[in-house]
Amino acid sequence: MSLSLCIRCGAPKARPSSVCSRCGLDPRLRPIDLAKSIYLSTDRLDLGHAPGDWGTRLSMLKKELEAGRDVPYDEDELNRIIRLNATARRVPLRAVWAVVLRFFFPGLLLIAVLWGLVFLLRLLR
Ligand SMILES: [Zn+2]
């Protein structure tokens, strides 16, 4: 299960990009806030860039944020996250659809051929 913390108040969120239900912070408005939100989430574990005990460390950081204290961020990791987000935003939507179409095209072609065969067999009956 994914865990993400609000970078301002420490409230748990479903996703790093979600608006905080407690304080209303929208991390999507500033790239640095979004990077910090991704940093303070277990989503980094999937990428293999977070330490193994990150879930436990997040619980400790949550208490710090809830007490109104600042938490330390690894600047190199924040810069890496910002770079990855910028790269992901540069991928044009057309390229995404091209990949989706390439993936599903063989299946759609098979369905069309089968449908055509059924249509022809019905005509010959
Ligand atoms: Zn918050």
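Visitor: Is Leu-25 buried, partly exposed or exposed in this model?
Guide: In this predicted model, Leu-25 lies in the loop between β2 (12-13) and α1. A residue counts as buried if 20 or more other C-beta atoms lie within 10 Å of its own, and as exposed if 12 or fewer do. Leu-25 has 19 other C-beta atoms within 10 Å, so its class is partly exposed.

Visitor: How does Cys-23 count, as buried or exposed?
Guide: Cys-23 is also found in the loop between β2 and α1, and, leaving aside neighbours within four places in sequence, Cys-23 is in contact with Cys-6, Arg-8, Cys-9 and Ala-11. The C-alpha atoms of Cys-23 and Ala-11 are separated by 8.4 Å, although these residues are 12 apart along the chain. Because Cys-23 has 12 C-beta neighbours inside 10 Å, the residue counts as exposed.

Visitor: Which element gives the most residues to the largest nonpolar core?
Guide: The largest nonpolar core has 11 residues in all, among them Cys-6, Ile-7 and Cys-20, which are also contacts of Leu-25. Two or more residues of this core come from each of α1 (31-39) and α3. The element that gives the most, with 3 residues, is α1.

Visitor: What length does helix α3 reach from its first C-alpha to its last?
Guide: Helix α3 covers residues 54-66 and has 13 residues, for which 18 Å would be expected at 1.5 Å a residue. Just after α3, Gly-68 takes a positive phi of about 85°. The span of the helix is close to the expected one, reaching 18 Å.

Visitor: Why is the chain described as more spread out than a compact globule?
Guide: From the N terminus on, the elements run β-β-α-α-α-α-α, and the C-alpha atoms fill a box of roughly 80 × 30 × 25 Å along the principal axes. For 125 residues the globule rule gives 14 Å, and the chain is well over that value, so it is more spread out than a compact globule, with a radius of gyration of 23 Å.

Visitor: What distance separates the centres of domain 1 and domain 2?
Guide: The domain assignment places domain 1 at 4-90 and domain 2 at 99-125. Taken over C-alpha atoms, the centres of domain 1 and domain 2 are separated by 46 Å.

Visitor: Which element of the chain has the highest mean pLDDT?
Guide: The mean pLDDT of the chain is 91, and 94% of its residues reach 70 or more. Among the elements, helix α2 (residues 43-46) has the lowest mean, at 72, while the highest, at 95, belongs to helix α5.

Visitor: How far apart are the C-alpha atoms of Gly-116 and Leu-101?
Guide: Gly-116 has its place in helix α5, and it is exposed because 10 other C-beta atoms lie within 10 Å. Gly-116 and Leu-101 are 15 residues apart along the chain, and their C-alpha atoms are separated by 21 Å.

Key. Residues are numbered from 1 along each chain as its sequence is written. This is a predicted model: local features need pLDDT of at least 70, side-chain atom pairs count only at pLDDT 80 or more; totals for chains, interfaces and linings use all residues. Helices (H or I, at least four residues) and strands (E, at least two) are DSSP runs, numbered from the N terminus. The expected span of a helix is 1.5 Å times one less than its number of residues. Domain bounds come from an automatic or database domain assignment. The radius of gyration is taken over C-alpha atoms; the globule rule is 2.2 Å times the number of residues to the power 0.38. pLDDT is the predictor's confidence in each residue, from 0 to 100. A nonpolar core is a set of buried Ala, Val, Leu, Ile, Met, Phe, Trp, Tyr and Cys residues joined through C-beta atoms within 7 Å. Two residues are in contact if their C-beta atoms, placed from the backbone, lie within 7 Å.
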